[in-house]
Number of protein chains: 2
Amino acid sequence: MIRFYNGLVLEPAGVTENEVWVDGSAICYVGPAKADMPAFEREIDLKGDLVMPGFKNAHTHSGMTFLRSAADDLPLQEWLEKQVFPNEAKLDGESLAAFVKVAFLEYLAGGCTACFDMYYFPDAFVQVAKDWGFRAIMCESLTFGDDPARVYDRYEKYNNMGPFVGFRLGFHAEYTNGLDTFKTVAEAARHFKAPVWCHNSETKKETEECVARHGVSPTRLFEDMGLYEYGGGGYHCVYFTPEDMDIFARHGCTAVINACSNGKLASGVFPLKLAMEKGVNLAVGTDGPASNNALDMFREMYLINLTAKLREGDAAAGDPALILNAAVSGGARAMGLADCDAIAVGKQADLTVIDMHRPNMRPVNNVVKNLVYSGNPSNVRMTMIAGVVRYENGQFFVGEDPEAVYRTAEKYTRKILG
Amino acid sequence: MIRFYNGLVLEPAGVTENEVWVDGSAICYVGPAKADMPAFEREIDLKGDLVMPGFKNAHTHSGMTFLRSAADDLPLQEWLEKQVFPNEAKLDGESLAAFVKVAFLEYLAGGCTACFDMYYFPDAFVQVAKDWGFRAIMCESLTFGDDPARVYDRYEKYNNMGPFVGFRLGFHAEYTNGLDTFKTVAEAARHFKAPVWCHNSETKKETEECVARHGVSPTRLFEDMGLYEYGGGGYHCVYFTPEDMDIFARHGCTAVINACSNGKLASGVFPLKLAMEKGVNLAVGTDGPASNNALDMFREMYLINLTAKLREGDAAAGDPALILNAAVSGGARAMGLADCDAIAVGKQADLTVIDMHRPNMRPVNNVVKNLVYSGNPSNVRMTMIAGVVRYENGQFFVGEDPEAVYRTAEKYTRKILG
């Protein structure tokens with residue numbers, strides 16, 4: 001058993017001064033010190049630091065680290081057509097794994113314990129997740145040219161690979177698929193009683209083109225086709241109408257906010273105020289490193305609140321506690337990781353320890369606001385997944401030397417980009 | 001002498017693989033290794049890390065750390081009147097010094113070597129700067145009720161306190177002063193041949209009210225009154241017109257961008273595209289921790305580019321190299337620290353070492369874009385001011401225990417806020 005003591009804990013009801021004990025992969029006790037203490041393998045003096053659930057990066061393309069700082073400051077279509085697509089065509093499983101490892105290191109160093117990923121070479125991807133003990137949920141990425149029926153095999157295969165890997169039904173987006181794909185995925189959703197995910201209403205253009213093509217918004221189209229019978233959600237959701245939000249609320253769907261990406265690609269700002277009014281479930285994602293460029297959940301939380309204030313022209317807009325909750329519990333719910341969403345007995349020990357002794361966390365007027373408005377990855381003291389410490393005080397514990405990971409990623413990057 | 005070797009250097013002309021040698025407070029050599037090497041006190045193996053000029057935080061109110069996370073999510077007027085003004089009234093020199101120390105620790109941990117500060121209790125403020133060897137330039141903060149003639153004494157006094165302290169002419173803003181103040185400051189500017197600074201066009205309301213009051217924009221009013229005969233500049237400059245930008249360009253004035261603060265207070269977005277078209281000098285500031293809330297120049301650089309893209313609706317807007325330059329050299333020029341602006345022979349050794357071995361810096365497709373789009377304070381390996389290491393690998397070297405600094409700041413914070 002591992003004991004965390006002498007610090008703060010972000011519990012579902014608020015910040016406490018409890019202890020947290022971890023047995024195997026799970027949290028076995030949250031409460032005050034006991035008179036009769038068990039034998040611990042390790043006792044961690046928090047010295048006032050904060051134990052909180054790990055961040056859940058609810059939308060990303062981890063394998064795109066090779067395009068970090070290589071595809072910036074271009075209009076969206078040019079970015080996709082000149083920098084992204086031609087270089088992605090040169091990927092293979094080996095290079096993909098190398099690039100994913102860089103992303104996983106960044107997640108760990110930023111207090112993130114799970115990602116909801118949509119990209120290529122799923123076998124190579126899940127191998128890294130299994131080898132490193134990092135929770136990686138894949139979302140099906142069907143586009144034109146893919147056989148939508150593949151979702152049946154993939155669903156069975158990747159949902160039976162142990163605790164670190166999962167697969168969710170989905171497709172890339174409305175504008176990259178035809179109605180036949182949506183029909184097949186809707187049938188699969190009914191078959192598996194499973195939620196469905198995709199990029200949705202990221203840009204004005206794509207949203208308007210859907211209306212021109214189908215007479216309704218992407219969200220309404222997906223509802224009409226029965227895709228949300230078991231929930232699911234959308235990535236980005238920038239151009240959601242009130243009706244779209246109603247549809248999401250009705251089906252318990254989650255809108256995953258990607259504020260940095262939407263800013264960097266000048267797509268727009270997520271309508272947070274509207275989503276809050278409609279009571280839509282929220283989660284937070286970084287999107288891929290080609291469109292962000294960091295994989296930093298602190299920056300996302302900050303930017304979601306900040307851009308909400310700018311969008312509404314109202315300094316009172318946004319809600320740091322809500323967005324922190326979206327970045328941890330909301331993401332876990334979205335990804336189907338219901339047992340990784342909180343610091344509570346029986347939950348998986350997927351957690352991070354926040355260093356409250358860095359100057360940006362002082363004074364401590366409000367722990368939650370300090371995290372959302374001032375936090376950054378330098379505050380991450382430890383990241384633990386399923387009870388195993390994977391990152392602590394700048395060191396990684398993933399069974400591989402980070403320098404070797406960087407060298408390999410650099411080698412493949414040069415091979416692809418020159 | 002101290003030797004930095006085996007890494008990268010951000011020099012004025014670009015990134016090189018030179019060595020950097022520091023002798024006393026200054027840089028004495030930048031170039032390749034020599035056959036005949038001098039004796040060094042310390043040789044720092046960069047291992048591929050980057051030496052760059054320290055960030056210059058060109059607009060801040062360091063003493064406001066006590067309000068971090070205590071005054072958020074309120075409309076600007078309510079924020080000022082309910083949270084800021086009444087609590088600031090409880091400050092004294094002792095508490096001010098305690099709060100400033102927290103800010104200085106945060107600057108050091110974020111690679112920042114100087115700040116351009118506007119706040120109260122200048123004697124207490126400069127004492128911390130001198131004791132800690134942190135470069136702190138003060139800007140006069142005249143408002144209604146202050147005697148503007150005080151600038152003469154202050155200018156002489158604080159500009160003769162050694163290399164770490166300086167004083168620039170200025171006043172709080174147009175809307176907090178009358179014409180008599182501007183006249184007195186303009187006379188002082190002529191007397192000292194000195195630049196003049198103030199908050200300028202931060203909000204739409206204040207800018208419109210100036211036009212209603214004086215028939216011209218604040219910038220035009222200041223030019224008309226002769227305040228910019230020796231240059232200077234403005235903080236925020238969100239509602240600058242093309243004419244305002246022309247005035248700044250004509251006088252070599254600097255617009256200090258405060259993107260996080262302008263977002264968090266919903267003030268608006270700085271017109272970067274217009275400023276670039278007009279060739280206006282730029283610098284970067286965090287503003288105070290009550291309106292940001294972090295003092296993180298990485299986040300500022302990112303947000304300036306990101307909000308420029310959103311403002312223009314164009315992913316190609318912004319310019320990471322320009323903004324990085326604004327955050328280091330532009331700030332130094334603005335503050336009158338001309339010898340702290342670059343890694344070059346004869347310049348002061350005010351520098352930071354960026355850890356390129358963190359996953360967010362990999363792969364290295366473009367060092368500058370990695371810094372601006374992916375960097376965060378966890379990448380700061382060392383911060384040196386005037387040749388003295390003040391921060392390295394998480395440790396501070398300021399002659400005081402950070403824990404004691406935090407405890408004192410917490411004590412005074414509780415005394416003021418309850």
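**Sheets, domains and the chain contact in a predicted model**

In chain B, 4 strands line up as an open sheet in the order 5-4-1-6, with mixed pairing. Everything described here comes from a predicted model. The edges of the sheet are strand 5 (26-31) and strand 6 (42-45) of chain B, each of which pairs on one side only. Neighbouring strands in this sheet are turned by 15° against each other on average, ignoring direction. Within the sheet, strand 1 (residues 2-5) and strand 4 (residues 19-23) of chain B run antiparallel and are joined by 3 bridges. To pick out one spot on strand 4 of chain B, W21(B) has R3(B) standing opposite.

Further along chain B, there is a parallel pairing to look at: strand 14 (residues 254-257) and strand 15 of chain B pair in that sense over 4 bridges. Here I257(B) sits opposite V284(B) of strand 15. Strand 15 (residues 281-284) of chain B sends N281(B) and A283(B) one way, while L282(B) and V284(B) point the other way. Buried is the word for all of these residues, whichever way they point.

A loop in chain B also deserves a look. P148(B) is found between strand 10 (135-139) and helix 4 (150-158) of chain B, in the loop that links them. Leaving aside neighbours within four places in sequence, the contacts of P148(B) are L142(B), D180(B), T181(B), T184(B) and V185(B). One of these, T184(B), is 36 residues away from P148(B) along the chain, yet the C-alpha atoms of the two are separated by 6.3 Å.

Next comes the contact between the chains, which takes 51 residues from chain B and 51 residues from chain A. On the chain B side, at least two residues each are supplied by helix 1 (76-88), helix 2 (93-109), helix 9 (259-264), helix 11 (297-312), helix 13 (367-374) and helix 14 (402-417) of chain B. Helix 14 of chain B gives the most to this side, with 5 residues. Sorted by class, the residues of chain B that touch chain A are 25 nonpolar, 14 polar and 12 charged.

Turning to chain A, the chain splits into domain 1 (2-53 + 347-396) and domain 2 (61-336). Their C-alpha centres lie 28 Å apart, and the contact takes 20 residues from domain 1 of chain A and 22 residues from domain 2 of chain A. On the domain 1 side, the elements giving two or more residues are strand 7 (50-53), helix 13 (367-374), strand 17 (380-385) and strand 18 (388-392) of chain A. Helix 13 of chain A gives the most to that side, with 5 residues. By class, the domain 1 side has 13 nonpolar, 4 polar and 3 charged residues.

Helix 13 of chain A also packs against helix 12 (residues 320-335) of chain A, at an angle of about 75° and with the axes 9 Å apart. That angle makes the two helices roughly perpendicular. From helix 12 of chain A, the contact draws on P320(A), A321(A), I323(A) and L324(A), and from helix 13 of chain A on V368(A), K369(A), L371(A), V372(A) and Y373(A). The residues of this helix contact divide into 8 nonpolar, no polar and 1 charged.

Terms used
Residues are numbered from 1 along each chain as its sequence is written. Chains are lettered from A and ligands numbered from 1 in the order in which they are written. This is a predicted model: local features need pLDDT of at least 70, side-chain atom pairs count only at pLDDT 80 or more; totals for chains, interfaces and linings use all residues. A residue is buried if 20 or more other C-beta atoms lie within 10 Å of its own, exposed if 12 or fewer, and partly exposed in between; C-beta atoms are placed from the backbone. Two strands pair if DSSP finds at least two bridges between them. Two residues are in contact if their C-beta atoms, placed from the backbone, lie within 7 Å. Ala, Val, Leu, Ile, Met, Phe, Trp, Tyr, Cys and Pro count as nonpolar, Asp, Glu, Lys and Arg as charged, and the others, Gly among them, as polar. Domain bounds come from an automatic or database domain assignment. Axes are lines fitted to C-alpha atoms, for helices over the stretch in contact, and angles run from 0 to 180 degrees between N-to-C directions. Angles under 35 degrees count as roughly parallel, over 145 as roughly antiparallel, 65 to 115 as roughly perpendicular and the rest as oblique.
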